[in-house]
Amino acid sequence: MYNKINRVTLYTILITAFLIQLLFLDHIKLAGVKPDLLVLLVVFFAIFFGPGIGAEAGFVSGLLKDTYSLDIFGANIILLSLTGLVVGGLSPKLFKESKLTQGLLVFASSALYMVSHYFVSLSVLKIEYVTLQDYLYRLILPSSLYTAMLSILLFPVLIKRYRLKENAEYL
Amino acid sequence: MCAIKKKIIIKVLAVLFTLILVVLISSAARLARINITDKKKIIIKVLAVLFTLILVVLISSAARLARINITDTSTPILKGLRSFFGMLERVTPFAAVREENSILHDRVDLLTRMAEETLAINDENARLRSLLDFRKLIPYTSIPAQVIGRDPSNWSNSLIIDKGSSSGIKTNMAVISTRGLVGRIVETGKISSKALLITDPNLRVGILIRRNRQGGILTGTPGGRCKIIYISLDSDVKPGDKVMTAGFGSVFPKGILIGEIEKVGREEGRLYKYAILKPSQDLSRLEEVLCIIK
């Protein structure tokens, strides 16, 4: 039904992407925001490998993020796993090989993940001086757009690398 | 009154949102169940159990300790990777010469590489010298540290540095660079620490505007800028004014440059002005910092 992936490959890709995010991504910041490689990969794995792998990729990515960032511990694990699960659940209903679909899905997933993160943070931390509007226009939308643009470049490479094909029964 | 109402509404929304998340989790699981095999059902169940575990971890303070220990353990790897990529940059021309397989080119390239290496070492030397001079110049005792990683999320702005409690780093130490304030230490391990940057919305710093000695509170904004709040309405603050630390409290010493005001405005319904500040240091390109002991 879904494509299969070796766990070693999955974790190697995620850890490599995480190291790039940790060490180099600040150098390609635009307007103060950087793309989120891990969200991009979670969506990729969810689309092509199903909700199980999507949630697993989300869990690992979230765990890595939560460990090395000063974020609320657990927030990224929950939200990224959920992102993988939902996108994976929706993927049979989508024309996965369309670049537009992929880009839109990455944009929507990234934006929803970040909006959810705002509300989770709001219920745990004391954010008094920054509104959702601030986050939306200065961080969430630009960052999601940047990630979606990057996905247009990276998805074809990953699809080619893993020779992924649209399953005929979904076409 | 209006602000309190707003806060209550936001809190209620946050609770509602959490409930929606729970509903989403269950509906997503149901959605996923439609097309999955038994094996995948098990994976989802395992994940559900893990979610619950994480919720427990979320409220335990042990998570923080575990987190910094993991960062500590991986510090040598991160440092190694940094040096490896630095070395790769220097070796690249040499590899190109080897492909050409010419002794003459080989020698030329060797010399070029050496010149580049010298330039890189000179750059590093100049940077460290300026840091050292600056260290001598500032009236505080400080610990120099190297930046080995940055926050992987867009949400918070922090740095991972290669010095920890074994080098004398403690939480709440101010972190500065040659150009000004960087942030403060919030988590310390044995050989690594995490510093929250001034561009993070969770950091507050008492400030003074150098020209008119007016005070305010600095906080981070999304997008890598800073916002000064609580500037009195009669203040003549204007773009271009330099801002420095006020020295209130025990974290940040007085008189450290933070940046320059870019824009001044007034928020509706509030009895103070605000200003947008551009930090004096490009925080995304920092390589070395100083942690102030006292």
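The paragraphs that follow treat the helices of chain A and then turn to chain B.

The coordinates form a predicted model, and local features are discussed only where pLDDT is at least 70. Several positions of H4(A) are buried, among them A:Gln102, A:Leu105, A:Val106, A:Ser109, A:Ser110 and A:Tyr113. Further along H4(A), the buried residues include A:Met114, A:His117, A:Tyr118 and A:Ser121. An α-helix has 3.6 residues a turn, so residues three or four places apart point the same way.

One partner of H4(A) is helix H5 of chain A, residues 132-161. The two axes come within 8 Å and cross at roughly 150 degrees. Because angles over 145 degrees count as roughly antiparallel, this crossing makes H4(A) roughly antiparallel to H5(A). The crossing of H4(A) and H5(A) is right-handed. By class, their contact comprises 14 nonpolar, seven polar and one charged residues. On the H4(A) side, the contact includes A:Lys99, A:Gln102, A:Val106, A:Phe107, A:Ser110, A:Met114 and A:Tyr118. Among the residues that H5(A) contributes are A:Leu132, A:Tyr135, A:Ile140, A:Leu141, A:Ala148, A:Ile152 and A:Phe155.

Which residues does H2(A) bring to H5(A)? They are A:Val39, A:Leu40 and A:Phe44, which meet A:Thr147, A:Leu150, A:Ser151, A:Leu154, A:Phe155 and A:Leu158 in H5(A). Seven of the contact residues are nonpolar and two are polar, with no charged residues. The axes of H2(A) and H5(A) lie 10 Å apart, and the helices pack at an angle of about 50 degrees; H2(A) and H5(A) are therefore oblique to each other. This crossing, too, is right-handed.

A:Lys160 and A:Glu97 are 63 residues apart in sequence, and their C-alpha atoms are 12 Å apart in space.

How do the axes of H2(A), residues 37-68, and helix H3 of chain A, residues 75-90, cross? They come within 7 Å and cross at roughly 175 degrees, so H2(A) and H3(A) are roughly antiparallel to each other. The contact between H2(A) and H3(A) draws on 19 nonpolar, 11 polar and two charged residues. H3(A) itself is mostly covered, with 15 of its 16 residues buried. Its end C-alpha atoms are 22 Å apart, which agrees with the 22 Å that 16 residues should span at 1.5 Å a residue.

Attention now passes to chain B. Its secondary structure comes to four helices and 12 strands, and 33% of its 294 residues count as buried. Of the contacts in chain B with a separation of 6 or more, 55% are between residues 24 or more positions apart.

B:Leu81 links this chain to chain A. The residue is placed in helix H3 of chain B, residues 62-100, and touches A:Leu19 and A:Leu23. B:Leu81 is partly exposed, because 16 other C-beta atoms lie within 10 Å. The C-alpha atoms of B:Leu81 and B:Ile148, 67 residues apart along the chain, are separated by 9.2 Å.

B:Asn172 is found in the loop between strands S2 (158-161) and S3 (174-176) of chain B. Its phi is near 75 degrees, a positive value in a residue other than glycine. With 12 C-beta neighbours inside 10 Å, B:Asn172 counts as exposed. B:Arg213 lies in the loop between strands S6 (204-209) and S7 (215-221) of chain B. The phi of B:Arg213 is near 60 degrees, again positive in a residue other than glycine. B:Arg213 is exposed, with 8 other C-beta atoms within 10 Å.

Note on methods. Residues numbered from 1 in each chain as written. Chains lettered and ligands numbered in written order. Predicted model: local features only at pLDDT ≥ 70, side-chain atom pairs only at ≥ 80, totals over all residues. Buried ≥ 20, exposed ≤ 12 C-beta atoms within 10 Å, placed from the backbone. Helix = DSSP H or I, 4+ residues; strand = E, 2+ residues; numbered from the N terminus. Axes fitted to C-alpha atoms, helices over the stretch in contact; angles between N-to-C directions. Parallel < 35°, antiparallel > 145°, perpendicular 65-115°, else oblique. Left-handed = near helix turned anticlockwise from the far one by under 90°. Contact = placed C-beta atoms within 7 Å. Nonpolar A, V, L, I, M, F, W, Y, C, P; charged D, E, K, R; others polar. Expected span 1.5 Å × (residues − 1).
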